[in-house]
Amino acid sequence: MNESQKIKQLDRMVKFIEFEADDIIKNIESKSEDEYHMKKNEMILKGKMEINQFYNKKTNLINRTSATMIAEQMTSAKMEILNTRDKYIKSVLADVNKELLKMRKHRLRYYREILKKLILQAMYQVVEQEVCLILVSDDVEYVTLMIPELKQIYLANTGINVKINIDKSIKLPTQEIGGVVVTSKDRRVHVENTLVVRLLYLTQQAIPIICTGLFGPNPTRTYLRDT
């Protein structure tokens, strides 16, 4: 091989080496670009997931906060309604108490008729041959005079010739306004039929009507319709 051939052979080797080098560089650049795009997509996907997680957490927090606020507002509104109702009922009770006290003082005959009915109602529930009446101190005198009439009415309605005693050792407090507690002889049975007890009972019965007057009719309440 002469010198010229050697030079040509060397040029071919150099070109081959350069071609191989260029091919390797292209492969490296292609792989680098693919890795770059993969890394970029991974970072974008990771960023999206983090944003979604952050958004979901904030959304859940807002929903929980809103639900808590709504529940608190509803509870507060219910309490305000109940407080208003209770104040109104207490006001009604106070006014009725005043009227009952006036009735005792200025309409004694009317009160005595009411007291007679209260006593008989309680006696009909006790149903004993001997009963004891517990009264307000001011009522003892005229209830004592009323006993013959009470016995006669009770006998006519029950067929029982009842013995009526007035308890002298126990008296109803004046806060009861009037009425009676009727007990059996052995105290095992007793019926409280005072004006305050009757008033509280009537108040409970009247609460739906009072609420209707305060807040308007309730469409879910059917038992007060057409009344």
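**Exercise 1. State which residues Lys 116 is in contact with, leaving aside its neighbours within four places in sequence, and decide whether Lys 116 is buried or exposed.**

Solution. 
Step 1. Once neighbours within four places in sequence are left aside, the contacts of Lys 116 are Met 146, Glu 149, Leu 150 and Ile 153. The model used here and in the exercises below is a predicted one.
Step 2. Lys 116 belongs to helix H2.
Step 3. The relative accessible area of Lys 116 is 11%. Buried means under 20%, so Lys 116 is buried.

**Exercise 2. Describe the largest nonpolar core and find which element gives the most to this core.**

Solution. 
Step 1. The largest nonpolar core contains 29 residues. Those with the most contacts inside it are Ile 119, Met 123, Val 131, Leu 133, Val 143, Ile 164 and Val 182.
Step 2. Two or more residues each come from helices H1 (3–106), H2 (108–126) and H3 (140–158), and from strands E1 (130–134), E2 (163–166) and E3 (179–184).
Step 3. H2 gives the most, with eight residues.
Step 4. Take Val 143 as an example. Beyond four places in sequence, Val 143 is in contact with Leu 115, Ile 119, Leu 133, Leu 135 and Ile 166.
Step 5. As background, nonpolar side chains in soluble globular proteins tend to be buried together.

**Exercise 3. Work out which residues line the largest pocket and how many of them are nonpolar, polar and charged.**

Solution. 
Step 1. The volume of the largest pocket is about 180 Å³.
Step 2. Its lining consists of Val 96, Leu 100, Met 103, Ile 114, Leu 118, Leu 195, Arg 198, Leu 199 and Leu 202.
Step 3. Sorted by class, the lining has eight nonpolar residues, no polar residues and one charged residue.
Step 4. At least two lining residues are supplied by each of H1, H2 and helix H4 (195–215). H4 provides the largest share, four residues.
Step 5. Now look at two of the lining residues, Val 96 and Leu 199. They are 103 residues apart along the chain, and their C-alpha atoms are separated by 8.3 Å.
Step 6. Val 96 sits in helix H1. Because its relative accessibility is 27%, Val 96 counts as partly exposed.

**Exercise 4. For Val 127 and Arg 187, give the value of phi and the loop in which each residue lies.**

Solution. 
Step 1. Recall the general rule: most residues other than glycine have a negative phi.
Step 2. Val 127 is not a glycine, yet its phi is positive, about 50°. Val 127 lies in the loop between H2 and E1. Its relative accessibility is 46%, so Val 127 counts as partly exposed.
Step 3. Arg 187, also a residue other than glycine, has a positive phi near 70°. Arg 187 lies in the loop between E3 and strand E4 (190–194). At 39% relative accessibility, Arg 187 counts as partly exposed.

How values were computed: Residues are numbered from 1 along each chain as its sequence is written. This is a predicted model: local features need pLDDT of at least 70, side-chain atom pairs count only at pLDDT 80 or more; totals for chains, interfaces and linings use all residues. Side-chain values use heavy atoms; hydrogens and water are left out. A nonpolar core is a set of buried Ala, Val, Leu, Ile, Met, Phe, Trp, Tyr and Cys residues joined through side-chain atoms within 4.5 Å. Buried means under 20% relative accessible area, exposed over 50%, partly exposed in between (1.4 Å probe, protein chains only). Contact means heavy atoms within 4.5 Å. On a 1 Å grid over the protein atoms alone, a cavity is a set of points where a 1.4 Å probe fits but cannot get out, and a pocket is an open set with protein on both sides within 12 Å along at least five of seven lines; lining residues have an atom within 4 Å of a point. Grid points are joined across faces, edges and corners, and a volume is the space filled by probe spheres set on the points. Ala, Val, Leu, Ile, Met, Phe, Trp, Tyr, Cys and Pro count as nonpolar, Asp, Glu, Lys and Arg as charged, and the others, Gly among them, as polar.
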